[in-house]
Amino acid sequence: MARMLGGDGFVAPQGRRFAKRTKYQPLLKGTARDSTRLIKTLKVDDTHAIDAFFMQASTSLRKELLSEPCVGRTYETLVVPQVALVTRSLSSEVRWTILSLLPYLSQLVLHIDLNAQWLRCVLLGDHDQAHEILERIERDLGVSVWMINARLLEAQRRDELTANRQVLGEICEKLKSASITMLAELASQRAESRIAYSTYLDDVERTLRPFGEYRNLASSVSWWRHWAAPFAPRRTDSDCEILWRNGLLPAIDRYVGLVRVLHSRVDERLFPTDFLPVMKHMARELQCVDPQLAHLLVAQDVNAEWPMYCSNHLNLSDLIDLYTEGAYSDVMTTATRQLLQYPEVFELYELVAASVTNGQLSIQLAFPDRALGNDVISAMIACMRREEGTRPLEVLQRIATQLHGTRFGAQLWGFIAGQPQGPNGRNDSALKGLACTQITPRFSLLYNQPEDVQRFWVHLEQAAGATTTARLYRAISTCDVSAIPRAIPASRRYKYAGQGFLAAGRYTEALQEYSQLSNAAGTVVPLFETAAVGIFSATVELGLYQLASETVVDAYRRNPTLIKAMNLILLAQRILDDAPPPSISWPIFWAIVDRDLETSGKLGAERDLKQITYDALEDFLGHHGMQFPSELLSKSAEFDQGHLVSLLSMVCTTDILDYSPDYNGADHLEQERIKLCEALLALDPSNASSYKAEIADLLRSTALRRTMKEIDSTKIHVDLQGLVDNLGQSYRERYDRYREYSALSEILRTSKLVFEIDKPFGNVANAILRGLKKSGSTTQYEDIAYRQAWDLFQDLLLRFISSEFGLDSYLSARIRHGVLAGQLRSAFEQHRLITQWSSHTTDYGPNVYWSDWVMSSYDDVVASKVDKHLKQLSKTVDAIIEHLKRGKIQIKSKVDGEGLFDFVYSIERDGNRIWNMVQTTTTYYEFIDVLIAELIARIGINLNSVAQYVRTDLAAEFRQALDAVSRSIASEHPSLTHSVLANSIRQCGTIIHNNLEIVAGWFVPKGGASALSIDIDVLCETVVETVKRMNPTYTVDATRSMPVGVALAGGMLSSVFDLLLILLDNAVKHCNSTQVEATVSAVVVGGILRLVVSNIFHGDPAFAEEAAQKLSNPAIRWLDPDALRQEGKSGFYKLHKILRYDLRQGSSYSVAAHVERHSEVHRFSVALEMNALAVLA
Amino acid sequence: MKILIIEDDHNKLDRLRGLVSQELTHAEVKEARAYQKGLRLLRDWRPDLLLLDMSMPTYEVGTGEQGGRPRSFGGRQILHEMRRRKIGARVIIVTQFDVFGDGPEQKTLSQLKLELATEFRGLYVGAVYYDPAASDWGDDLRRMLNKAKVSR
């Protein structure tokens, strides 16, 4: 009763009887109430059930039920399974796909034929004809995804981008499908002639990324990626999704997916199982137009039936033999001529490219100008010659992707994968064989088992006779070097003999052959490369490790991708625990292993390759009596220059040298690297630009650190010059009076004062009378000069601590405003331990990070309690910081004040000392200097107290807060003691100590403003870095646009830093998003420096506009200094203070803010304009 | 006896120093707060005993020095260098973490102890879990110090 479909073993053993009694009968009759469920069951049923069902189903039923419609008008339409659900079984999906395609065989044959005709036209550059063929395909068959790609490519080739975009518009208009529009956009992009393949792939990922966030769209994403980037690495578990979907036209699009999936799975030996019979059937039907399925079957089973090549009369074997025998010029001429007749035969391109490369011939292009075939052949030759200038591999990758769905495209990708610099995927290398025009000796490489290879030779000889090439491949596969045909040119004989000896384990002879090849290779790049790889393999096997490492180093210098063909891991394993004698090649070898190889788990226990590289370097340097690599420079002539360049450029980098115990810090390390880069400029001029760039980066990083240090050390500042200049005429007059009085005798300068003790008469009187606790009136005699000197000192003190030039204004702008809180909070924010206060909820926000991560595995009660403890920590931390800001980092001017900047002076305690000091002066400025020296000395004492406070008391407060939260959390659940959360709390303890150390470092005495003049761009980068550190939970993307070579005057450095910091920090805090996009720019025009900070603002633009209005309000400019530096007011007030006083702008500056409204987000900008002369160096 | 403590947490360093001075009254103690200084002291000073943290910065953090690259397994790297440089001090790991590293490299303290005992036999004495809120670590460290003294 068995019935066969096509007589090829596709058998339903139980025939009609099976169908009659099967549960699928309602489906066959069209009476099923739940057809989706039934089909789902059928898909995972046994193969006999599926075959029988298909045998019984009418063609219309198969088309109706078994082809999944999947291209909808919206992306979401793709998600909804209409008929048959996708399974996780590749075998089931392959079978299902083939069965689904069988009703479409005639369409498929027609399409493949027309597809080949179109391809010929495109390769030849006959765009009119190509266009006509596509018209015909659309008319006779309909629109497929394949055809959309083809139309866009053809349009681009015909009339560049204009035609490409026109066709794209027509397609999108016609199909009105969101997902097809997306694919068409990408196809249009890759058809463009200038886009790099890597850029295109990035765009594909960028386009698909948003969909990846939706789990129910994962299947669609796989399918989209299959069409957009068919050769890009993908998850193999997405193959089912690819097979499941029809595309626009099932006959074509599903077939393209089927072939690609089977190609990539050729190693998995799926074929002999359940879908072999149906596949055989399909292969036989298609073999004349597309032998790929037949090739797959032969690759899986050498005894399978070889395909009949119906329409191809080209005799490739003879031409291949000519090439094998070294007749390169003849091959090039013949193959170039034949290409005009058979432009779709990829093997001809290979023969031309290999002949031109090995014979070192000039290229003869086969096709008319602008033909795609010319692009292919030129890029293939450039690729084989390793000419990187035109990025030939990228060109080929793009063309292969453009030609996805053709055999040519698959073969081209196979060529790419086989290049040392290519993606080098084993399966993709097989594409050349599977998609080949005819089976040739190279097909033998698809077999792993020797008996399969032997059987293959028998079949091949029966089909094509014993050609030179076949004898050569056979000799190599049997390791019989003596059987290599004599007709082969000497250099390539060495190559094949080397391969044969290597395979036979005769390593000494292999080494000899490869060494001869290396000498004979001349400038033929592929031969040199083969020699290097062979020498490496032979030397490793012979234990000649030193020679092996030198071979690696030399080969890497010529072509870094060559090491993909060398088993570096094997060499690494052999020398890892038995270090070879020191040599310059070992550190380079390890650097190559670290840089280019995936070693995970291959080198035994966990290994730090950078450390091993450093160790090898230290051994080498120590062997030559050196400590630092820069010592090599004076002895550079003693070393091979190539090796020295590799050592200095690849090994002596900062990330490896930082394993050394001999560098004192990042500065020292970077100085060493700069020395090496400077030497490399002369030693390796061809890479001078990269060394120059590295030097510039290092100098910049040093400058950045130096600026940061400078800024940190100028946080405590008093503008003495500004202070003295602004003492005014009245102060000078009072000084002159003091001088006159002090010249008088003591009697003449004494005055009688009567005080009412209970009615204070000003501060001075109170100070004088402190301690005289009598009630009623009292009479005192006072030395007027003494009093005048004290008053002058008090006046100066007041200005010193609290005027616009004084200490408090700098404490306010440089420490209390944001920076201090940022530095301290950042330690906690880095570990997400604290959240921010919300004025809306009047509470700290919930700790979503830990709730989602760790606490999600605990019950809600525990999670809620832990969240409460973390909120408490937020509160405590902010309270500590607030106390520090408002209590401790303040000027103490009263005895009972809390501020650590103690400037309490009393006439009883300090009067005589001050008097004695000023008595020694003879001029006004000496007088001022002496008093200022006293105040500076007091600052020094204060700073020590503050630093001490920060290191001890403050550290203790934070430690207690962390200990308290640790204990509270542990008390909620025992396992939380050893959780990641607990670890983070501990790590935070270390970081907060480091941050406190940095804060303590701000409180060191420093004389005057910075003397450094610093590039404005470096300063701006320092601001950006500071803001990032202050706000670790935000992602700050700040672009800079700065004039080149404009430096800030040393004294202005910190003030400009303060300006920009206030603006950028406000941008971060108030932009209403954790993704901050900001721009900082500066320009100097007509003596005006214009600084602009702008940022994207999310949220209600009315708020931003209100802020802009306030900021631009001209009235702020006339506020008095005290109002400008008031705590708790907007930081923008401080902008005016900085501009007016610190930057010496007076009223000649402007601050303008405005908001640009857009549909979703808005741009908030603040522009500051000032006199450049006062600010720039 | 010369003892080196390599530890970047100030508080922990204070407490370790206190305990060591109490237990080994005649010991000479030096400190390093980063990988580089620690390794240099090991090489140049050759201590008899090393109390070693596992995670640390490359350079000591201070004004103008951010510390270079943070090293999750800095302690292990130090042990590796000791073996390579044939520095024979006995080593006690004192760590306040029981999970190290990120992603696939992440491991627990128990895993780490096992690995260190195998890989650095002869150097490694043991590991103490330091919990600032508990006192157990002190007893554990005293035991380890005795063990190190005995095995010298």
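## Tour of the A–B contact

Start with one pair: select Arg69(B) and Asp658(A), whose side chains meet in a salt bridge, N to O at 2.8 Å. The model is predicted, and the distance of 2.8 Å is computed from it.

Keep both chains on screen. Between chain A and chain B the count of salt bridges is 7. Polar contacts between chain A and chain B come to 19 residue pairs, with both residues at pLDDT 80 or more.

Next, colour the helices of chain A that face the partner. At least two residues each of the side touching chain B come from H33 (609–623), H36 (666–683), H37 (688–713), H47 (924–972) and H48 (980–1002) of chain A. Which of these helices gives the most to that side? Select H48(A): with 10 residues, H48(A) gives the most. Colouring by class, the side of chain A that touches chain B shows 16 charged, 14 polar and 7 nonpolar residues.

Now select the whole contact. Chain A brings 37 residues to the contact and chain B brings 32 residues. The area buried between the two chains is about 3500 Å², and carbon and sulfur atoms hold 44% of this area.

Finally, hide chain A and look at chain B by itself. Chain B has 5 helices and 9 strands. Traced from the N terminus, the order of elements in chain B is β-α-β-α-β-β-β-α-β-β-β-α-β-α. Chain B has 152 residues, of which 57% count as buried. Among contacts in chain B with a separation of 6 or more, 67% join residues 24 or more positions apart. For a surface view, chain B exposes about 6200 Å², with 48% supplied by carbon and sulfur atoms.

How values were computed: Residues are numbered from 1 along each chain as its sequence is written. Chains are lettered from A and ligands numbered from 1 in the order in which they are written. This is a predicted model: local features need pLDDT of at least 70, side-chain atom pairs count only at pLDDT 80 or more; totals for chains, interfaces and linings use all residues. Side-chain values use heavy atoms; hydrogens and water are left out. Contact means heavy atoms within 4.5 Å. Buried area is the accessible area (1.4 Å probe) that two parts lose on being put together, summed over both. A salt bridge is a side-chain nitrogen of Lys or Arg within 4 Å of a carboxyl oxygen of Asp or Glu. A polar contact is a pair of N or O atoms within 3.5 Å; within protein, one must be able to donate a hydrogen and the other to accept it, and residues adjacent in sequence count only if both atoms are side-chain atoms. Helices (H or I, at least four residues) and strands (E, at least two) are DSSP runs, numbered from the N terminus. Ala, Val, Leu, Ile, Met, Phe, Trp, Tyr, Cys and Pro count as nonpolar, Asp, Glu, Lys and Arg as charged, and the others, Gly among them, as polar. Buried means under 20% relative accessible area, exposed over 50%, partly exposed in between (1.4 Å probe, protein chains only). Accessible areas come from the Shrake-Rupley method with a 1.4 Å probe; for residues, only the protein chains shown count as cover.
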